[in-house]
Amino acid sequence: MSQEVPSQPDERPSKSQLKREMHKLQALGEQIIAMTPAERSRFPLSDDLLAAVEETSRIRSHEGRRRHMQYVGKLMRGEDLDAIQAVFDSIEQESRHRDLAFHRLEKWRDRLIEEGDDAVETFIADYPDVDRQGSGQQQGDKACSDGGNAHPDPRV
């Protein structure tokens with residue numbers, strides 16, 4: 001009797017793994033579909049995928065949309081996923097920078113309202129290119145919007 005050497009298990013991924021990958025590609029396609037055309041133009045997408053993305057907006061049937069998303073996932077397999085992910089990362093980083101800048105702006109706004117002229121001088125020192133007259137006018141507008149009580153003593 002000759003002994004047979006057990007064959008190596010298949011190196012290909014399991015059916016479950018393939019399904020998980022397809023669902024990820026479909027989710028990536030959903031994110032691209034949810035974007036505006038201007039945002040979508042930043043992505044290196046094939047003409048077929050762009051056509052499928054535009055077609056999605058015309059599909060009203062739930063089952064039709066589900067099948068179409070499977071098609072979008074299939075098309076996503078042929079795309080340069082690393083380049084697409086790089087664009088997503090770039091968009092996310094831009095969003096974080098905008099959020100941080102907005103939070104800094106909100107802190108300065110609150111500080112200018114609370115501290116008044118002292119904070120204005122500090123703000124102008126930190127940002128010398130700011131329109132000094134415009135910032136003073138905005139602070140005066142804020143005082144007027146508080147019911148016209150720019151002074152703490154209502155008799156003045």
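Two residues are said to be in contact here when heavy atoms of the two lie within 4.5 Å. In that sense Thr56, once its neighbours within four places in sequence are set aside, is in contact with Ile33, Arg65 and His68. The model is a predicted one, and its protein chain contains seven helices and zero strands, so that, following the reading order of the sequence, the pattern is α-α-α-α-α-α-α. The points below begin with the chain as a whole, then take up the nonpolar core, the helix pairs and a few individual residues.

**The chain as a whole**

- The protein chain has 156 residues, of which 22% count as buried.
- When contacts between residues at least 6 apart in sequence are considered, 56% of them join residues that are at least 24 apart.

**The nonpolar core**

- The largest nonpolar core is made up of 18 residues, and those with the most contacts inside it are Ile32, Phe43, Leu49, Val72, Met76, Ile84 and Phe88.
- Two or more residues of this core come from each of H1, helix H3 (47-56), helix H4 (62-76) and H5.
- Ile32, which is among the residues with the most contacts inside the core, is in contact with Arg40, Leu45, Val53, Met76, Ile84 and Phe88, leaving aside its neighbours within four places in sequence.

**Helix H1 against helix H4**

- The axes of H1 and H4 come within 8 Å of each other and cross at roughly 100 degrees, which makes H1 roughly perpendicular to H4.
- On the H1 side, the residues that take part are Met22, Leu25, Gln26, Leu28, Gly29, Glu30, Ile32 and Ile33, and they meet Arg65, Met69, Gln70, Val72, Gly73, Lys74 and Met76 in H4.
- By residue class, this contact of H1 with H4 comprises eight nonpolar, four polar and three charged residues.

**Helix H1 against helix H5**

- Helix H1 (residues 15-34) and helix H5 (residues 81-115) have axes that come within 13 Å and cross at roughly 45 degrees, and the two helices are therefore oblique to each other.
- The crossing of H1 and H5 is left-handed.
- Leu25, Leu28, Gln31 and Ile32 are the H1 residues in this contact, where they meet Leu81, Ile84 and Phe88 of H5.
- The residues of the contact of H1 with H5 fall into six nonpolar and one polar, with no charged residue.

**Helix H3 against helix H4**

- H3 and H4 pack at an angle of about 160 degrees with their axes 10 Å apart, and that angle makes H3 roughly antiparallel to H4.
- The crossing of H3 and H4 is left-handed.
- From H3, the residues Asp48, Leu49, Ala52, Glu55 and Thr56 meet Arg65, His68, Tyr71, Val72, Leu75 and Met76 from H4.
- Six nonpolar, two polar and three charged residues make up the contact of H3 with H4.

- Arg109 is found in helix H5, and its relative accessible area of 43% places it in the partly exposed class.
- The C-alpha atom of Arg109 is separated by 9.6 Å from that of Ala119, and the two residues are ten residues apart along the chain.
- Pro37 has its place in helix H2 (residues 37-40), and with a relative accessible area of 61% it is exposed, since that term applies over 50%.
- Between the C-alpha atoms of Pro37 and Val53 the separation is 9.9 Å, the two residues being 16 residues apart along the chain.

Methods. Residues numbered from 1 in each chain as written. Predicted model: local features only at pLDDT ≥ 70, side-chain atom pairs only at ≥ 80, totals over all residues. Heavy atoms only, no water. Axes fitted to C-alpha atoms, helices over the stretch in contact; angles between N-to-C directions. Helix = DSSP H or I, 4+ residues; strand = E, 2+ residues; numbered from the N terminus. Parallel < 35°, antiparallel > 145°, perpendicular 65-115°, else oblique. Left-handed = near helix turned anticlockwise from the far one by under 90°. Nonpolar A, V, L, I, M, F, W, Y, C, P; charged D, E, K, R; others polar. Core = buried A, V, L, I, M, F, W, Y, C linked by side-chain atoms within 4.5 Å. Buried < 20%, exposed > 50% of the residue type's maximum accessible area, 1.4 Å probe, protein only.
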